[in-house]
Amino acid sequence: MSLNDKLKDLRKNGVNEAKRAEKLQELNDLRVNLLGKKGPITKALRGMKGVPAEERPEIGTLANNVKKDIQLAIEEKMDELNKQMIAKKLEEETIDVTLPAQSRNIGTRHILKQTIEDIEEFFIGLGYRVDAGHEVEEDHYNFERLNIPKNHPARDMQDTFYLTDELLMRTQTSAQEGRDMESHDFSKGPLKVISPGVVYRRDDDDATHSHQFHQIEGLVVDKNVSMADLKGTLEALCRHVFGPNREIRFRPSYFPFTEPSVEVDVSCFNCNGEGCRICKYTGWIEVLGAGLSHPNVLEMSGIDSTVYSGIAFGLGPERFAMLKYGITDIRDFYLNDVRFLEQFKGVN
Amino acid sequence: MKISLSWLKEYIPVTHTVEEIANKVSLTGIESSPVKLGEGLDKLVVGHITSIKPHPDSDHLNICTVDVGEDEDIQIVCGAPNVADGQYVIVARHGAHLPEGNRIKRGKIRGVESNGMICGLDEIGVPEKYVPEAYHNGIYVFPEAEKTGANALELLGLTDEMVDLDITPNRADTLGMNGAAWEIGATYDEKPEIKKATIDESKVVKSSDVTAEVNDEKLVPDFLLRELKGVTVGESPLWMQRRLWNQNIQPVNNIIDSANYVMIEYGQPIQAYDLDKLQENKVVVRNAKSGEKFTLEDDTEKVLSHNDLIVASGSQILGIAGVAGSINARVTKDTKNVLLESAVFDGASVRKSAQRHDLRGDASNRFEKGVDNGNVSESLVRASQLVDELAKVESISEEIVGSKTEAKPTVIEGSISHINHLMGLSLSSDEIMNIFDRLGFEADLNGDKVTVTIPTRRFDMSIEADLIEEVIRIYGYENLKGTLPAGMETKGGYSAKREFSNKLRNVLLGQGLDEVINFALLSKEEVNDFNIKDTNLTKLLHPMTEDHEYLRTSLIPGLINNVAYNQARNNDDIAIFEQSRIFDRSQGEDRPNEVEYISGAISGNVTNDSWNTTSKEVDFYDVKGIVEELLSFTNAKAHFEYIATNQISNLHPGQSAFITADGQRVGYIGKLHPSYQSDHNVNDTFVFELNVDELFDLNKRRVQSQPAPKYPSVSRDLAILVEKDIESGQIVNDIFANGGKYLIDANIFDLYQGSHVKPGHKSLGYHLVFQNPNDTLTDETVEKAFDVIKDSLVQKFNVEIR
Ligand SMILES: [Zn+2]
C-alpha cells in the first residue's frame, strides 16, 4: 500500500472511530492514539524516505489534512457529547416551581404607623417639622393655652384622665400648639409643624371608641396665612391620602382654639359623590376639623395676632385608616391579631 | 333643635325643600339634617263617634259607629278604656299604613265586623313619653270638633317637615325659633318678621304678693317674676300641643305648655309655680345647704350639695335653678294663681347641678350654653300673653325683679382689609357690609375700618375673628379657592431621635417582626411585671377600670398579651415588636419621664416543617441575633455585652441577660419564666427590651473609611477544654485582649459537653482570623500571637489546649 493510500485509510478509520465514540474519554484516547507523537500518522510519515523528493510536498499536505480532518471529527463529536451531557443534566435538575418557597418574611408596619407616616411624609415635603410632644401634659397646655378655661364643658373630669390637679394624659395633640408657638423663633421664618401621637379620653372601648387613640395636629403660623391656605393645604392632603380626584368642602363648626372653625369633608372616594353606605348617601365624608388659630391662642404664646395668623388642623389616623381600608372596629388596631396586621403589608 | 318649616313660614318665606334647606344650612352655619314626619303613613283620618255599644262577647270591647266623612258611617270595634260617644278621634281606615310596617285591614273581632282602628298617638308615631298623660294607654281624642274625614296626621302636626339643627355649643342662639329664623333667614337673604309680645295693659296691677331676692347676682344676673291671678287651667289648644310634642315636649296643661312654648320661641326657659303653694311671700335664689332634700315633680328625691343653686320660698325648695322644678309648687288643674319666672342662671353652675343630679333637660341645656339676656323680660311678657290667651287671666302683676342686668350689644371693630387678608379673599366693603346686614348686624364703615354692633341674641360674638367667620360662611366656603402658604421656605423633617428610632424599627421589620401598638394604661399587676428599673408607678386619679389604671413601665406586658391573644387563635408562631413610650417617674416628682423603648417578643417556630425543611423552635440565640443586628444599627460608639442575670423575676433565671453598653445597662433579653408563661397562657416566649433614648445618646460613632483589605488573611483554629461555668464571652474577651493588633475575628465553631470530655468540663473550638491591612502576614507573626493567646487562656482559665 502506498503511503498516500495508507494516510487516506488512516483518515477514514479515524473519522469513523470518532463518530462512533460514546464517551469523551474515548475521544481523548483517540486523539492521543491517532494524532500523538507515537501515533500511526507520525509513524507513517517516517516512510517518507522512500518517497521521491518531488512527491514529498504533496504527501506532507495530505498528512496535515488527514490530521485536521480527524481533529475536526473528534471536536465535532466532543461538542455533540457535551451538548447531550448538559441536556441530560438540565433534565435531571428540573424542579417543581410550584412547591412552596423558603420564606424570607419582612415584618409589617402597623397600619396606624403606616397611615401616620404617609401623612408625615406628605407634610415633610411641604416643609413641616414633625414634633411628637408629650403624652403626659400639663392642664395649662392641654386646655388653658387652647382657650379652654377652667369651667369649660370640654374640661369635664369624665372626659380626661388626670394624674394630679395639674397633670393629665393629653386629650388632644393640639396640646403641642402652645409649646411649639412659644419656642419658635419667627425671625428664622414661619412655624410649620405637625404633631402626631397618642391621646387619651375617658371613653369605654367599643367598636367606635377607644380610650387611647392617635391624632395628628398641624399648625402654620406666619404673617400671611389665610383660610384659603388652610383649604389648599387640606385639599392637597386629602388628594394625597384618598386619591387625586378628591374634592373637599368646609362647613362652619366650633372649636375653642380656632376662629373661624370648620369641619372638613372629602368627596366620597368609594362612590365619587354618587352616594353610598360609606358616605351615608351624602357623597361626602367628614375627615377632620380645622380653622384659623384663635387670636387668644396666639397672644397667649406672645404672638401679635394683628400681625401673625395661624392655620391649625387635627385629624384622626384611626378614622383615616378605617375609611380607607373599610375597618369597622377600632379595637382591631390594638388587639394586634397578626392576621389583621399582616394584610396591610406594603400598602404604604 | 328641630325647626318645623310650617312654623318657620311665620317668620320667613320658605321656598325650598327641607333637604335643600338642611344642606344649605349645614354648609353656611349649623350641621343640619332633614326630618320628615309621617313618611309612609296613610289613610289616617278624623272620625266622629256617633254611637257606641258594648261588644256582646267581651267585657272590654266596644262597637263604635264612626262618621269618617263619607255617606255611610263605618263600624269599628275598639278596646280603649277611654273611648266614648261623641269623640273626635283618629281613625286608621282599611288598608292604612302605620309606623314599623303595621297595616290595618278590615276583619272580625270576636265575630263582629271591624272596619279599621281608632288610634292612640303612640300608634301613629308620637313617642309615648310625649303623649299627654290623659291619652296614655288609650286613644287620642281631639280637643275640639274637627272635619270628619280630614287628614288626621296633618292636623296633629305629624306630616311636619323639619330641619334638625345639631348645634355646636357656641350657637345656642338658634335654640329658639326666633334665633333659628335669623340664622336660616341670613342663609337665604331673608329678614325674619318677629312679632313683639304684648299683654293686655288693662289687666296689669301694680301690687304683687311676692318679692324676689337673689343672693349672688354674678350667678343670677337676671331673675324676673310675674304673678298671674285667676287662671283657668285646662288643656292647651291643638296648635300648641302638636308643636310641643314635635319638639319632644309632653303637653301638660295650658300654663306649663305656654311656658314651654315660649322656651321654644325665644330660647328662654320659663318656670311656672302655683302662687298659692309658696311657703312665704318671698322667692329667694340661693345656694342649697349641703344635705338639703327636695322632691322632683316625678316624686324622686334628690339630696342637694352646697354648690347647687336653688329657688326657694322659706325652707320650701321650689327647684334647682334652671334645672328642675319640685313637686312643692307644681301647677295642677286646681291652680288658681300662677307665678312665672324668667331668669338667667350661670351656665357652669347649671351644668354641674344637672350633671350631679343626672337631670339634663331642655332648660339646663339652654342655660349651659347661654341665653340672650336681652330677651328675659320680653319672654316673660310673651309667657304672660300666652297664659292670658289660653287660661283667661284676671290680673297680671308688673315685673317683680330679683336681679336685672342691662343687656348691652357687643361692638366689634374690624378692618375690611384684615378680614379679607385672613380669609384669603378680596371682597369689596359693599359685599361685606351686605353680609352684616343679612345677619341683622348694624355696621358703620369708616374708610377701611368697620364698626359692627352685634345684637344681644348673638352672644357668641366678641372679636374680629368672629366677624370673619360670619362673613366667610355667608359668602360661602365653596367660593373660597385653595392656596398653599407662601411664606419663607422651611426645612421640614423628623427629629434626629425620630430618625434613629425609625431606623431601629426598620431593622426589626427586616428581621421579620410585625409591628404592634398597645395601650399605655395597664393594670397594677401588669405594670409591676417588668418594672425592671423599679421606677415609681404613675397612677390615674380616676381610672375607669382596673385594667387601665397605671402608666406602663415596660412594653413587655402588652407584647405578652398580644402573644397570648394570637396563640389562643392558633397563630402559634409570633414575632412582634413595639416602639413606644414608657413612663419613668423619679421619687418626689409628679410628672413621669416619657422614655422611648423598643421591645420584642418571639414565640413558636422560626422555621416550620415543610417539604424541604424541618421545624425549629425559637431559642435564645435566635433572639440574640436579632438584638445584635439591631444594636449594630445604633451606630454606637460603645461595646455591648450580655451579662447573665437571674434577677429579673419573670424571666428564666438561666436564660436571661442584661445588655450593657460600656458597662451601662441599656436593656435585657431572655426567656419568660415557665410559671409566668403558664399564668399568661403563652408558649415558650423570648423577649427583649431596649431603651431607645439611651441608645440614641451612644449614637456617636464616626466612621473613617478603610480600604477593603488587599492582603490575604491567615486563620488558626483553637480547641480548648475548659470548666463548664466559664462563659464563652470571657474566653473571647481574653482572646481579643491578647491577640495583638492583627486579630480581627474569633468565632466559636464548636461547643461540646458530654461523655467524651472530662466531667464538669466542656470543649470549645474557635476559628481565629488574623490580617495585616498593609502587608502579607508571615506564619511566624501569626504563630507568635497565637501562642500569647494560648498562654493567657491556660494561665487565666486553666484551659487545656487540645
Ligand atoms: Zn359614597
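Let us start with two charged side chains: Lys83(A) and Asp79(A) meet in a salt bridge, at 3.8 Å from N to O. The model you are looking at is predicted. Both residues belong to helix H4 of chain A, which covers residues 56–93, and because they are 4 residues apart there, about one helical turn separates them. Lys83(A) has 58% relative accessibility, so it counts as exposed. Asp79(A), with a relative accessible area of 42%, is partly exposed. Side chains of opposite charge can pair when their charged atoms come close.

A salt bridge can also be found between the chains. The side chains of Glu138(A) and Arg591(B) meet in a salt bridge, with 3.4 Å from N to O. This pair crosses from strand E2 of chain A (residues 136–138), where Glu138(A) sits, to the loop of chain B between strand E30 (574–584) and strand E31 (593–603), where you will find Arg591(B). Glu138(A) is partly exposed, at a relative accessible area of 29%, and Arg591(B) is partly exposed too, at 23%.

Within chain B, Arg360(B) forms a salt bridge with Glu368(B), and the closest N and O atoms of this pair are 3.0 Å apart. Salt bridges can also link up into a network, as they do for Arg109(A), Lys113(A), Glu117(A), Glu120(A), Arg498(B), Arg505(B) and Glu515(B). Over all chains, a search of the whole structure finds 66 salt bridges.

Now turn to the rings. A pair of aromatic rings is described by the distance of the centres and the angle of the planes. Over all chains, the count comes to 23 aromatic pairs. Take Phe255(A) and Phe257(A): their ring centres are 6.4 Å apart and their planes are at 35 degrees, so this pair is tilted. How accessible is Phe255(A)? At 22% relative accessibility, Phe255(A) counts as partly exposed, while Phe257(A), at 10%, counts as buried.

Phe223(B) lies in strand E13 (residues 222–229) of chain B, and Phe345(B) lies in the loop between strand E21 (338–344) and helix H7 (347–356) of chain B, so the pair ties together parts that are 122 residues apart in sequence. Both Phe223(B) and Phe345(B) are buried.

Rings may also meet a charge. The charged end of Lys24(B) sits over the ring of Tyr188(B), 6.0 Å from its centre. Likewise, Lys624(B) lies over the face of Tyr642(B), at 4.5 Å from the ring centre.

Back in chain A, ring pairs link Phe122(A), Phe123(A), Tyr128(A) and Phe313(A) into a cluster. Phe313(A) also leads us to the strands, for it stands in E9(A), opposite Ala290(A). Strand E8 (residues 284–293) of chain A and strand E9 (residues 309–315) of chain A pair in the antiparallel sense over 5 bridges. E8(A) is also joined by 8 bridges to strand E7 (residues 258–267) of chain A, and these two run antiparallel. Across that pairing, Glu263(A) has Gly289(A) in E8(A) as its bridge partner. Is E8(A) mostly covered or mostly uncovered? Strand E8(A) is mostly covered, with 8 of its 10 residues buried.

In chain B, look for an open sheet of 5 strands in the order E12-E15-E18-E19-E20, with mixed pairing. Strand E12 (211–214) and strand E20 (324–325) of chain B stand at the edges; each has a single partner strand, so one side of each is left without a neighbour in the sheet.

Our last stop is Asn691(B), in strand E37 (residues 685–691) of chain B. Asn691(B) is buried, with a relative accessible area of 5%. Leaving aside neighbours within four places in sequence, Asn691(B) is in contact with residues including Lys533(B), Tyr597(B) and Val666(B).

Methods
Residues numbered from 1 in each chain as written. Chains lettered and ligands numbered in written order. Predicted model: local features only at pLDDT ≥ 70, side-chain atom pairs only at ≥ 80, totals over all residues. Heavy atoms only, no water. Buried < 20%, exposed > 50% of the residue type's maximum accessible area, 1.4 Å probe, protein only. Contact = heavy atoms within 4.5 Å. Phe/Tyr/Trp six-rings, centres within 6.5 Å; stacked < 30°, edge-to-face > 60°. Lys NZ or Arg CZ within 6 Å of the ring centre and 35° of its normal. Pairing = 2+ DSSP bridges. Salt bridge = Lys/Arg side-chain N within 4 Å of Asp/Glu carboxyl O.
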